[in-house]
Amino acid sequence: MDTVLRNMNCEVTPPIVLVLHRTLGSGTALKNLLDRHLPRVVTEPDDKEPLKANTFYLAPAGYHLLVDKEGFHLSTDEPVCHSRPSIDVLFESAAHAFKDRALGVILTGASADGAEGAAQIVEQGGEVLVQDPETAENPALPKATIKRLEKQARVMSLVEIGRKIANGSASKRRLK
Amino acid sequence: MSEDLYNIEKDLLLEGIYRLYGYDFREYAEESLRRRIKKAMAREGVESVSAFQDMILHDVKCMERFVGNLAIHVTSMFRDPDFYLTFRNRVVPLLRTYPFVRIWIAGCSSGEEVFSTAIVLSESGIYDRCRIYATDISDAVLKRAKEGIFPLNSMKEYTRNYLMAGGEGEFSSYYTAKYDHAIFRPSLLKNVTFAQHNLTSDASFNEFNVIFCRNVMIYFTRTLQERVLKLFDESLCRLGILGLGKKESLKYSASEGLYEELVDAQRLYRRLP
């Protein structure tokens, strides 16, 4: 993610939402780690919190994070591919809420959680960038996504992903 | 399924459910509701929302299944142990000053929260003067909660949570193990009344010292949430305590000014006089 962010050189960014597979007891350690590496402060949103530009959001442990026109919603429904928070859940909600303004980014990951959600984003007119599996620490997720999206996956390096996000238009959501 | 078509069918489904059964899901948060409808459709083996509507309007068992599944939350006893620890250390002393305490657990689901609360009150020595009202939208789920039976392999996690929540005894003393199940002591439910209550449509039914509504309103739109918070405002006695879920906040609500937060970020709020 560092590489992506270093190449995301821009003053104003749209709201960026991160889903990392994490365990319930992970506490604030993850957030603190991200705070040190990201250019701006990371927030774990509360239910009903509105999305703001220039802000990084991290899905809180033990909840699914969803977005709609009101802002963030949380859910305690059962895990998807053993994950809660799940990438699929976030991506699907973003697909329906933001349609062609949604941008999904798939990076390294050990399960297929995210592939189906990526398909939803594309179906609703949005775009999905996938890290080249050759460069991924764990290629399972990028591969599963490419398989699911067939020709519609835009596979690229982390550097390119960062630049693409920076060049994108307002109100795109970047998700891992 | 095209977007507009889904929205039309979904609106018709919810309208039909409301008019026939009186359950109003029309102001449930869109995206989480969409997931749950899709899951219900897969469970019932129907391809379209309209087909689901057909089934649900003509088969009350299908409706019961739908409502039952809406009411299930994947949760645990002493979930967010810090919350219970704060409740034990900061709220219980306040409750001691009352001769009689009424507690409402709104959206009690399968009962984990009820047992957790009962255990804290019991260890604090004030259980006998408390009356707990545990309500939920689904009769089926309430029936399950009353049984007090939980998977035995959940006990490891529950014990850990219990200890982090300031538990003073042996957690295993609260249940007996039988095959794969842990059956919790019926005495913990001595002062508990389970009742069906619908937060979207039912009115206030009493005045309480404590109301817990945790991880229930996350499924509501903001508008509905405001209405439910107003219902709680009306149901809390002076200086009563409202307890929300870890990632729920009064910050985006009109009710914010009516409460003070007891302890930062613990989601226990006291109603200002």
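These legends accompany close-up views of a predicted model, covering the contact between chain A and chain B and a pair of helices in chain A.

**View 1. The interface of chain A with chain B.** In this predicted model, 29 residues of chain A are in contact with 30 residues of chain B. About 2,500 Å² is buried between chain A and chain B, and carbon and sulfur atoms give 46% of that area.

**View 2. Polar and charged pairs across the interface.** Between chain A and chain B there are 18 residue pairs in polar contact, both partners being at pLDDT 80 or more, and the count of salt bridges between these chains is five. A salt bridge joins A:Asp77 to B:Arg36, where the closest N and O atoms lie 2.8 Å apart.

**View 3. The side of chain A that touches chain B.** At least two residues of this side come from each of β4 (64-68), β5 (71-75) and α3 (87-98) of chain A, and α3(A) gives the most, with five residues. Sorted by class, the side of chain A that touches chain B has twelve charged, ten nonpolar and seven polar residues.

**View 4. Helices α3 and α4 of chain A.** The axes of α3(A) and α4(A), the latter spanning residues 115-123, come within 7 Å and cross at roughly 5°, so α3(A) is roughly parallel to α4(A). On α3(A) the contact is made by A:Asp88, A:Phe91, A:Glu92, A:Ala95 and A:His96, and on α4(A) by A:Ala115, A:Glu116, A:Gly117, A:Ala118, A:Gln120 and A:Ile121. The residues of this contact between α3(A) and α4(A) divide into five nonpolar, three polar and three charged.

How values were computed
Residues are numbered from 1 along each chain as its sequence is written. Chains are lettered from A and ligands numbered from 1 in the order in which they are written. This is a predicted model: local features need pLDDT of at least 70, side-chain atom pairs count only at pLDDT 80 or more; totals for chains, interfaces and linings use all residues. Side-chain values use heavy atoms; hydrogens and water are left out. Contact means heavy atoms within 4.5 Å. Buried area is the accessible area (1.4 Å probe) that two parts lose on being put together, summed over both. A salt bridge is a side-chain nitrogen of Lys or Arg within 4 Å of a carboxyl oxygen of Asp or Glu. A polar contact is a pair of N or O atoms within 3.5 Å; within protein, one must be able to donate a hydrogen and the other to accept it, and residues adjacent in sequence count only if both atoms are side-chain atoms. Helices (H or I, at least four residues) and strands (E, at least two) are DSSP runs, numbered from the N terminus. Ala, Val, Leu, Ile, Met, Phe, Trp, Tyr, Cys and Pro count as nonpolar, Asp, Glu, Lys and Arg as charged, and the others, Gly among them, as polar. Axes are lines fitted to C-alpha atoms, for helices over the stretch in contact, and angles run from 0 to 180 degrees between N-to-C directions. Angles under 35 degrees count as roughly parallel, over 145 as roughly antiparallel, 65 to 115 as roughly perpendicular and the rest as oblique.
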